[in-house]
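Here is a note to read beside the model. Keep the structure open and look up each residue as it comes.

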Amino acid sequence: MTRLMTRLMRHALPLLLTILALPAAAQVDRVDDIRFPPLARFDIPQPQRIELENGMVVLLLEDHELPMVEATALVRAGSGYDPADKIGLAELAGRVLRSGGTERMNGDQLDEWLESRAAGIEVAVAEDAARVTLNSLKKDFPEALRIYADVLRRPAFDAQKLEVERNRAIANVSRQNDDLFPILFREFQEIIYGPESPYGWTETYATLGAIRREDAVAWHRQMFHPDRTILGLVGDFSSEEAVRWVREAFGDWPRGTGTKTAAPAWRDRVTPGIYYAEKGDIPQSGIIMGHLGVRRDHPDYYALEVVNQVLGNNSVSRLFSNIRTKKGLAYAVAGQVGTAWDHPGMAMVFMTTKVETTGAGIEALLEEIRNLKARPPSEAEVEAAKRGLLDSFIFRVDAPRRVLGQQLAAELHGYPRDLLSRYRAGIEAVTPAQVRDAAARHLRPEEFAILVVGPNQGQDKPLTTFGKVTPVDITLPQPPERLRPKSGH
Amino acid sequence: MSRHPVARAALALLVLALMTPLVTAQDLKSFEERTTVHKLANGWTFILVERPAAPVFAFCTIADVGSAQEVPGITGLAHMFEHMAFKGGPKIGSRDWAAEKKALEAVESAYQALQTERLSPRPDPQKVEKLLAELRARQQEASRHIDENGFDAILSREGADGLNATTDADATRYFYALPSNKLELFAFLESERFLHPVFREFYQERDVVQEERRMSETSPIGKLLDEFQSAAFQAHPYKQPIVGYMSDLQSFTATDAQKFFDTYYAPSNLITVLVGDIRPATAIPVLEKYFGRIPARPGPPPLRTVEPPQEAEKIVVMENDAQPMYLEGYHKPANNHPDQAVYDAIDSIASRGRTSRLYRSLVRDKKLAFQVGSFSGFPGVKYPNLWIIFAMPAYGVTNEQVQEAARAEIERLKTEDVTDEELARFKTRAKADLLRAMRDNLTLADLLADHHRLYGDWRELFRYIDRLDKVTKADIRRVANETFRKGNRTVAMSVTRPAATETTKEKTR
């Protein structure tokens, strides 16, 4: 931009802004006649980043709107590191990390302390990390943070509480086949990533039964170290005092010994074809098809954001508009080339439809994928998609909590710290040619695995119409003897 | 960071005050300073809350209508209308409105002809086939006039966030968020939506809703709740499934939908709350200009049917392939009853969190269940409804074992006072809930709209804090004794069909 232009902009813009902000004289009759005043300038709040001597990275973001504080620790202790014979370890140990109390406060005392202050500490385990969160009122936060540090550093793994959580996990296994959607996604993940990959695993009675308290203790000893932890604080504090609290709570946490945890593996290639699992007691078939997607740092990432908008991420996408709105074949239909931070996501489209239109549903999904090549996204489609992504970007950053959440994930996986502020430029640069190429590269219908779950009678077409059918057995194995229900309680 | 530090400070002050029991009158006052109520001449109420933390705003429109306003034959229509509200209007989504209007009329008469034959005592299959072909042809013709750049497409392109709507037993909500420079777009689209809805692609959308119903049947909890509701109510329309009965979804018409709209979408039956970076001085003229175009018309008639007192315990047992589930409910007054805070206290003490009675007894100590919960206001809140508890039995545990343990806890509420700690915990957490709701424009908009609908005044959201502060142990025992009676109870349980367990066999992964 020339200097003259810059000056013009600086002086003329506020004037223009004032004029445009005046209420329009008459109501418009068409959407295109609405003139939007420029959006007020908004800077993405930037967290302060510090690194403790023990290697723990801390992100701090002040937000003084309400007298509350939240802490989030991402610990590299995800379910992706579960041993094959103890699938479910991270999830189970993660729950007991919280419910089992600490060396100084047993689980029941911890529950009472938190709940009487409307505070909470919770653990959610994903494939890449255990997410341990704390939220509390401002006045309780300094003390709550000390207790939270104990949960992270000195959990008791109470044996009684382990049994409560195991009970829950076993009950969930027994219910694995009760609902359609969990079956559909669970079996599809196994087909895509392979039965030997943690990304395709599901807990069983046997793997849960094999987990002992020592395993939870060892899991914590191996994974929970400051140099495997990213901590974020957001809320009503001054960064200066927050740094002091964090140092007091975590400063003397010794660095880990550097034991390597092997990254989860997965299958490079799915075996294309039809897969079928029978579920008899429902009026619909679930259909899901696809193959591996890409990692988030793939050069096509921004083009794929646009592809996903066009294909299946919203209510005007091709999938929604053609399969739902026009054909009335489904209520739930969506799809995308999925990305994950540290491994390829899944490129997939799915729907549920009445059993009588199972074949029509498969055909409709395949047609939309083939059409991405035959009728590539037009310039207008690409423009609308880009504009939607750009104009809704503000909602990813309009609250400090949301910004911090994304920064923590980026930090955990070693992505650039300015990832968020690069997003707009990334989308703006996408061209229709890139969208077309990315769609062709990342959605290859001839390589699709197609999974159908539903009743085996009443379909409009036999599944063999679409290729060789591989049966998927979802029958639950019997639990080991000691987990079986005792009769006559 | 903020462009309006004064308003932000006021909010912080308010919530600080909320957390200290001394100054409730003042909290309300500071919130009131940022809140403007503006009722249009046609009766539509707008509530604007300034929260300029970021250049965005969210809104929630509540229509005071839900499945409780339906009668047999049109069940599911409130929800169907919600779907149709995304189809645009004459100015949104049409290439040529005059031609499309005609084509849509032709679709409707073709459908009416088909319907008459289909529902006749002895339908002639050949005739039905012919009329069906005729309908398809008319639909084809009508679809030629549709401009794909309709309601959703505009909002998607303009960066709307969270575009959606929900229908429950007594309210329908429409909501999304936009960058704050697009207030006029909101006003244009949302006024057009209710100025003259267009029932384009009605019968295709009806198929979509049928799929939505089927999808709810792919989960055993959906089926159990259907059975539970229909047993618990014998007269009140709360007995009907929100999504509607399949036969009605296969036969109600666009004409029915228009009639429903005319009755229940009178502007006086609508409340819209906007929260975010908005200024009433500039926003209200825009609202007047667009929403003021809608003519006033009489509001809907009140619902006549009142659920008679329950005289007998009801027990529903559903056999299926799924694991057991347990549910029981008791009739209670509508949520605007003075005792609602007491029900909320019972709810919180019974099932909220790891310190709750049901959790400690059933999950932690007896290990009979792995999940317990309760809920005060099922399936709706506007009319007398149900307080329900549910429990998911642990593996190998029967519903009867869970029932016995849950009943013991319910009995204890009737015979013993709750502890000081339990009561204090309820009050502290309810206040913090309100505080947390204020972090999000949409959550706040929804809460304010709902309170204004139920109580006629959004301030009730804050006055509730006073009411819950007054709840005593004696209140809890009194309400527990009034409510937890055998004759006032409906039980629903799902049990595993015996055959299903026999097919279990070994499988290695």
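1. Start with one pair of residues in chain A. Ile287(A) stands opposite Val452(A), which lies in β12(A). This is a predicted model. Keep that in mind throughout.

2. Now widen the view to the strands around that pair. Strand β8 of chain A covers residues 284-292. Strand β12 of chain A covers residues 449-454. β8(A) and β12(A) pair in the antiparallel sense, over 5 bridges. β8(A) has another partner to look at: 9 bridges join β8(A) to β11(A), and these two strands also run antiparallel. Here Gly286(A) stands opposite Thr352(A) in β11(A).

3. How many of the residues of β8(A) are buried? The count is 9 of the 9, so the strand is largely enclosed by the rest of the structure. A residue counts as buried if 20 or more other C-beta atoms lie within 10 Å of its own.

4. Compare strand β4 of chain A, residues 120-125. Which residues make up its covered face? They are Ile121(A), Val123(A) and Val125(A). The uncovered face holds Gly120(A), Glu122(A) and Ala124(A).

5. Strand β5 of chain A, residues 130-137, pairs with β4(A) in the antiparallel sense over 6 bridges. A hairpin of 4 residues joins β4(A) to β5(A). For one bridge, find Gly120(A): its partner in β5(A) is Asn135(A).

6. Step back to the domains of chain A. Domain 1 is 48-250 and domain 2 is 273-471. Their centres, taken over C-alpha atoms, are separated by 30 Å. The contact takes 22 residues from domain 1 of chain A and 27 residues from domain 2 of chain A. On the domain 1 side, the elements that give two or more residues are β2 (57-62), β3 (68-75), α6 (180-193) and β6 (229-235) of chain A. α6(A) gives the most to that side, with 8 residues. The residues of that side divide into 15 nonpolar, 3 polar and 4 charged.

7. Next, the contact between the chains. Chain A provides 74 residues and chain B provides 81 residues. On the side of chain A that touches chain B, several elements each supply at least two residues, including α3 (107-115), α11 (318-326), β11 (344-354) and α13 (379-392) of chain A. The largest share of that side comes from α5(A), with 6 residues. By type, the residues of that side divide into 35 nonpolar, 19 polar and 20 charged.

8. Turn to chain B as a whole. It has 20 helices and 11 strands. Its radius of gyration is 25 Å, close to the 23 Å that the globule rule gives for 509 residues, so chain B is as compact as a globular protein of that length. The C-alpha atoms fill a box of roughly 70 × 65 × 55 Å along the principal axes. Of the 509 residues, 50% count as buried. Take the contacts in chain B between residues at least 6 apart in sequence: 81% of them join residues at least 24 apart.

9. The domain assignment of chain B gives domain 1 (34-90 + 150-304), domain 2 (95-145) and domain 3 (314-498). The C-alpha centres of domain 1 and domain 2 of chain B lie 27 Å apart. The contact takes 8 residues from domain 1 of chain B and 9 residues from domain 2 of chain B. The residues on the domain 1 side divide into 4 nonpolar, 3 polar and 1 charged.

10. The buried residues in α16(B) include Glu422(B), Arg425(B) and Phe426(B).

11. Finish with a single residue. Thr167(B) is found in strand β4 of chain B, residues 161-167. Is Thr167(B) buried or exposed? It counts as buried, because it has 22 C-beta neighbours inside 10 Å. Beyond its neighbours within four places in sequence, Thr167(B) is in contact with several residues, among them Gly66(B), His79(B) and Ile242(B). Thr167(B) and Ala63(B) are 104 residues apart in sequence, and 9.4 Å apart in space, C-alpha to C-alpha.

Key:
Residues numbered from 1 in each chain as written. Chains lettered and ligands numbered in written order. Predicted model: local features only at pLDDT ≥ 70, side-chain atom pairs only at ≥ 80, totals over all residues. Rg over C-alpha atoms; globule rule 2.2 N^0.38 Å. Buried ≥ 20, exposed ≤ 12 C-beta atoms within 10 Å, placed from the backbone. Contact = placed C-beta atoms within 7 Å. Nonpolar A, V, L, I, M, F, W, Y, C, P; charged D, E, K, R; others polar. Pairing = 2+ DSSP bridges. Domains from an automatic or database assignment.
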